[in-house]
Amino acid sequence: MTGRVAVVGAGAAGALTAVQLMRQAGRAGRRAEVWLVDPAAHTGRGVAYGTPDARHLLNVPAARMSAFPDDPGHFLRRLTARDPHAAPGDFVSRREYGRYLGEVVEETAARCRHVRLNRVRERVVAVRERDGGPVLRLSGGGELRVDAVVLALGALGGDHGWAGPGLRASSRFVADPWAPGALEGPAAQGDVLLVGTGLTMVDVAVTLARPGRVLHAVSRSGLLPREHLPVPAAAVQAPPLDGAHGLDALRRGVRLHLAAGRRRCGDWRPALDGLRPVTAALWQQLSAADRRRFLDQDLRMWEVHRHRVAPATAVAVGALRAGGLLRVAAAEVVGAVPGAGAVEVSLSDGRRLRVAAVVACTGPRMDLTGSDDPLVRCLLEHGWARPGPAGVGLDTRDEGRLVPAAGARAVRVWAVGAVRRGNLLETTAVPEIRVQAAQVAGAVWGVPGVSGAGSSPVLEGAVSPAAPVPVSAAP
Ligand SMILES: Cc1cc2nc3c(=O)[nH]c(=O)nc-3n(C[C@H](O)[C@H](O)[C@H](O)COP(=O)(O)OP(=O)(O)OC[C@H]3O[C@@H](n4cnc5c(N)ncnc54)[C@H](O)[C@@H]3O)c2cc1C
């Protein structure tokens with residue numbers, strides 16, 4: 001019997017999941033069809049690696065960006081084959097990394113002879129169950145009947161309530177700076193307000209900055225991402241920490257660990273990196289109230305230290321700030337009135353700005369119950385998914401399968417990446433995603449040792465499609 005699995009989303013997480021599904025089916029000598037569904041033109045690029053701007057660099061060194069958890073040197077070998085001078089600590093362009101992921105998908109598909117990869121360039125707008133298996137409804141009106149689904153949706157759009165209805169409806173508001181051509185309209189000239197001061201703002205500033213215009217960047221904290229060390233150092237292993245003793249005790253333990261790391265290495269970064277392997281466990285040990293407190297009080301500080309920019313990017317941002325081309329402040333938008341030639345913005349620090357455009361660089365939506373994404377709404381409305389811990393993302397089991405709402409049936413739907421944030425806290429970077437992709441593929445195929453507890457192999461009781469699938473699919 002041929003196992004049929006649909007992966008919804010063809011960014012980094014979807015690409016890595018498709019690769020693992022093909023590899024693991026291939027190794028087991030199993031016939032399988034994998035459907036990779038995403039309206040995006042490319043495969044593997046998604047938001048982070050779809051940028052055409054070569055100045056947008058990876059924020060993780062090349063040595064840690066392999067597609068495969070069991071072959072950590074894979075990306076670096078690929079780089080050195082092209083450039084013998086490439087080094088483990090290099091921060092290469094994200095465009096190059098997107099190309100790599102696309103190649104990995106193509107090569108895997110070519111190698112796994114009993115597995116067929118179908119790429120569908122449509123959006124999944126709903127899911128329903130028929131004969132015990134999921135049926136995906138596509139934006140073009142077709143249906144795709146499969147035995148299992150893996151959601152790799154990425155971070156779903158942020159909450160833009162701060163912009164007010166007038167600005168949101170205006171052509172001078174850029175809701176998604178990653179959308180193709182988004183920065184080529186009103187944001188291309190004149191002063192611009194960037195709302196958010198994280199990784200997205202940094203990239204947008206690098207792209208938009210030029211003499212004669214000022215980019216204003218604001219966020220509640222006004223904090224910018226820190227930079228990596230010029231030469232990455234080995235992580236300092238964390239001492240035994242236990243979130244069950246409460247957030248205050250955990251904060252103390254983490255501070256002591258960082259101070260010890262600073263004494264040993266002269267810098268806090270190796271100790272912070274040593275927290276990476278234990279972050280999910282610590283997060284899960286915290287009580288629900290402490291998780292919410294962390295999100296309110298610590299998240300921003302955690303993120304600017306944990307998700308750092310490449311040294312070259314930090315230098316570029318420093319130069320923009322020193323030259324007055326980028327002004328960063330801790331402030332919120334309290335009013336924004338779009339007019340004929342500009343947007344008049346009032347900020348909480350009392351300033352009034354007249355800008356050509358306002359670009360939303362805010363983080364992703366944490367609470368998906370307010371999402372207008374039709375697929376997520378469908379899953380929540382049917383009870384096939386429920387909000388994750390602390391109300392963040394969707395709740396998943398250890399191996400990634402969606403946890404249904406109370407009284408609802410579990411469907412054969414798994415998830416990787418950003419929607420698992422409530423369970424794992426850190427779930428969006430490639431070093432985390434590649435592990436999830438392998439685990440989810442193992443759980444879907446029922447491979448012992450790869451899947452987590454409670455897996456539900458796709459071929460157990462799977463129902464073959466009764467009729468041809470009415471969608472366009474290119475291998
Ligand atoms: C600016 C920036 C820089 C980053 N740099 C790094 C880095 O250097 N290293 C690192 O490890 N991580 C980095 N990250 C983290 C990054 O989020 C991940 O590495 C990666 O982009 C996550 O990929 P993803 O597939 O989960 O999400 P995305 O890239 O957002 O892809 C999700 C895809 O799902 C599709 N989709 C969504 N809903 C549907 C639907 N209903 N039907 C069909 N398709 C759908 C979308 O079209 C999209 O193509 C960075 C993030 C940002 C924002």
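Begin at the second largest pocket, which has a volume of about 590 Å³. The model in the viewer is predicted.

**Stop 1: the centre of the pocket.** Select R251, V254, F294, D298 and W302. Of the 20 residues that line the second largest pocket, these are the closest to its centre.

**Stop 2: the helices around it.** Next, select 247–265, 279–285 and 299–306. These ranges are α6, α8 and α10, the elements that each give two or more residues to the lining of the second largest pocket. Which of them gives the largest share? It is α6, with seven residues of the lining.

Stop 3: Colour the lining residues by type. Of these residues, 14 are nonpolar, two are polar and four are charged.

**Stop 4: the whole chain.** The chain holds 14 helices and 16 strands. Along the principal axes, its C-alpha atoms fill a box of roughly 65 × 55 × 50 Å. Why does the chain agree with a compact globule? A compact globule of 475 residues would have a radius of gyration near 23 Å, and the chain agrees because its own value is 23 Å.

Stop 5: Show the surface. The chain exposes about 20,300 Å², and carbon and sulfur atoms supply 53% of that area. Now hide the surface and look at the interior: buried residues make up 54% of the 475 in the chain.

**Stop 6: contacts.** Finally, display contacts between residues. Among those with a separation of 6 or more, 68% join residues 24 or more positions apart.

Key
Residues are numbered from 1 along each chain as its sequence is written. This is a predicted model: local features need pLDDT of at least 70, side-chain atom pairs count only at pLDDT 80 or more; totals for chains, interfaces and linings use all residues. Side-chain values use heavy atoms; hydrogens and water are left out. On a 1 Å grid over the protein atoms alone, a cavity is a set of points where a 1.4 Å probe fits but cannot get out, and a pocket is an open set with protein on both sides within 12 Å along at least five of seven lines; lining residues have an atom within 4 Å of a point. Grid points are joined across faces, edges and corners, and a volume is the space filled by probe spheres set on the points. Helices (H or I, at least four residues) and strands (E, at least two) are DSSP runs, numbered from the N terminus. Ala, Val, Leu, Ile, Met, Phe, Trp, Tyr, Cys and Pro count as nonpolar, Asp, Glu, Lys and Arg as charged, and the others, Gly among them, as polar. The radius of gyration is taken over C-alpha atoms; the globule rule is 2.2 Å times the number of residues to the power 0.38. Buried means under 20% relative accessible area, exposed over 50%, partly exposed in between (1.4 Å probe, protein chains only). Contact means heavy atoms within 4.5 Å. Accessible areas come from the Shrake-Rupley method with a 1.4 Å probe; for residues, only the protein chains shown count as cover.
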